[in-house]
Every structure is written in structure tokens, then in C-alpha cells.
Amino acid sequence: MKQFIFLLFALLLIPSQAVSAYERNKAVPVQQVLFGKVQSVRTITERELVKDQTNGWKTFGGALLGGVIGNQFGGGSGRTAATILGSVIGGNIAHNQQKRSYYTQYELVEMMVKVESGKQFMVVQDKDNRMLFARGDRVRLVYLSDNSVRVDKAY
């Protein structure tokens with residue numbers, strides 16, 4: 001039971017992007033390949049707000065440093081007050097300095113593909129500037145063993 005809980009916890013720590021990464025130069029098991037033509041292509045741009053995940057540690061470090069500096073002044077209860085005040089000021093300064101967030105932008109490609117059997121499939125995947133698609137391109141839908149699908153040009 002402990003091993004199962006550990007395995008479950010370890011899987012939760014793996015970022016989803018690491019699991020879903022696709023490398024064209026790496027051999028991977030394939031379940032199925034379908035051939036077809038691109039019916040439509042659309043580029044999707046998505047922005048995601050990324051917040052600083054280390055802000056808590058930086059605030060703690062600022063409070064610790066402020067407390068050490070504040071402890072150098074005064075004596076008795078004055079020293080205690082200076083230490084507390086230094087911790088509060090140091091933590092506040094560090095927190096305000098590190099409140100940084102930024103946007104990261106993802107480019108995705110949405111394709112409608114009609115395969116040889118007549119069925120149509122909508123696929124959304126990462127944009128790869130080395131493999132750009134246009135309407136009418138012959139492509140292959142590669143079903144990988146991890147239950148993901150990738151569209152590549154059929155040469």
C-alpha cells in the first residue's frame with residue numbers, strides 16, 4: 001500500500017508537459033497510422049500567465065535578513081522591537097520586489113483531417129515551424145501508445 005501511495009505521489013509531481021512532449025527524432029511505439037488530407041488549418045495562439053513560484057522563499061529570506069539587521073540596533077526590549085520591525089520590513093520589501101509574473105505564449109495548430117475511409121478528425125497540436133500545414137496537404141495521423149495523436153506530412 002505504501003508503494004502505491006508513493007507511486008501515485010510521484011506521478012503527481014511529474015509536470016504534464018513533460019509527459020506529453022513529442023520528439024520527432026525519437027523512436028516511439030505506434031498503435032495505428034491513418035492517411036488523409038488536410039481540410040482546414042487554423043493557428044491558435046494562447047497566452048498563459050506564469051506567476052513566480054519561489055515568492056514565498058524570497059519573502060522568508062527577506063524577513064530573515066531584515067531580522068538580522070534589526071537585531072543589531074538597540075538593547076533589551078528595543079532590540080526585540082527592532083528585530084521584529086526589521087523582519088516585517090525585510091519580508092515586505094522582498095515580497096514586493098519579487099511579485100513578478102509574465103505571460104508565456106503557445107502556438108497551436110488546429111487541423112481538420114479527412115482520412116481515406118471518409119471520416120474526419122479534428123487535431124490540435126503544438127506548432128512546429130519545421131512542419132507547416134496547408135489545405136490539401138497529404139498527412140498521416142500517428143496514434144502513439146500513450147493515447148496521443150500527432151499529425152505529420154505524408155511523403
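How many salt bridges does the count come to? By the rule used here, the count comes to five. A salt bridge is a side-chain nitrogen of Lys or Arg within 4 Å of a carboxyl oxygen of Asp or Glu.

## Basis of the model

This is a predicted model: local features need pLDDT of at least 70, side-chain atom pairs count only at pLDDT 80 or more, and totals for chains, interfaces and linings use all residues. Residues are numbered from 1 along each chain as its sequence is written, and side-chain values use heavy atoms, with hydrogens and water left out.

## Overall layout

The chain has four helices and five strands. Their order from the N terminus is α-α-β-α-α-β-β-β-β. Helices (H or I, at least four residues) and strands (E, at least two) are DSSP runs, numbered from the N terminus.

Of the 155 residues, 21% count as buried. Buried means under 20% relative accessible area, exposed over 50%, and partly exposed in between (1.4 Å probe, protein chains only). The chain exposes about 11700 Å², and carbon and sulfur atoms supply 57% of that area. Accessible areas come from the Shrake-Rupley method with a 1.4 Å probe; for residues, only the protein chains shown count as cover.

Among contacts with a separation of 6 or more, 64% join residues 24 or more positions apart. Contact means heavy atoms within 4.5 Å.

Strands β4 (residues 138–144) and β5 (residues 149–153) run antiparallel, joined by five bridges. Two strands pair if DSSP finds at least two bridges between them. Tyr-143 has Val-149 of β5 as its bridge partner. The two strands form a hairpin with four residues between them. In the turn, Asn-147 has a positive phi of about 65 degrees.

## The nonpolar core

The largest nonpolar core has 12 residues, including Val-38, Met-131, Phe-133, Leu-141, Tyr-143 and Val-151. β2 (101–115) and β4 are the elements that give two or more residues to this core. β2 supplies the largest share, four residues. A nonpolar core is a set of buried Ala, Val, Leu, Ile, Met, Phe, Trp, Tyr and Cys residues joined through side-chain atoms within 4.5 Å.

Val-115 belongs to this core. Leaving aside neighbours within four places in sequence, Val-115 is in contact with Leu-34, Phe-35, Gly-36, Phe-121 and Leu-141.

## Charged pairs

Side chains of opposite charge can pair when their charged atoms come close. Glu-107 and Lys-127 form a salt bridge, with the closest N and O atoms 3.4 Å apart. Glu-107 lies in β2 and Lys-127 in the loop between β3 (120–126) and β4, so the pair ties together parts that are 20 residues apart in sequence. Glu-107 is partly exposed at 38% relative accessibility. Lys-127 is also partly exposed, at 31%.

Arg-130 and Asp-128 meet in a salt bridge at 3.3 Å, N to O. Arg-130 is exposed at 72% relative accessibility, whereas Asp-128 is buried at 12%.

Lys-153 forms a salt bridge with Asp-137, the closest N and O atoms being 3.7 Å apart. Lys-153 sits in β5 and Asp-137 in the loop between β3 and β4, 16 residues apart. Lys-153 is partly exposed, with a relative accessible area of 22%.

## A nonpolar surface patch

Val-28, Val-30, Val-33 and Phe-35 form a nonpolar patch on the surface, with about 290 Å² of accessible area together. Patches are made of residues with over 30% relative accessible area and no salt bridge; like charges are joined within 9 Å, and nonpolar side chains (Val, Leu, Ile, Met, Phe, Trp, Tyr) within 5 Å. Val-28 is in the loop between α2 (16–19) and β1 (30–51). Val-28 is partly exposed at 39% relative accessibility.
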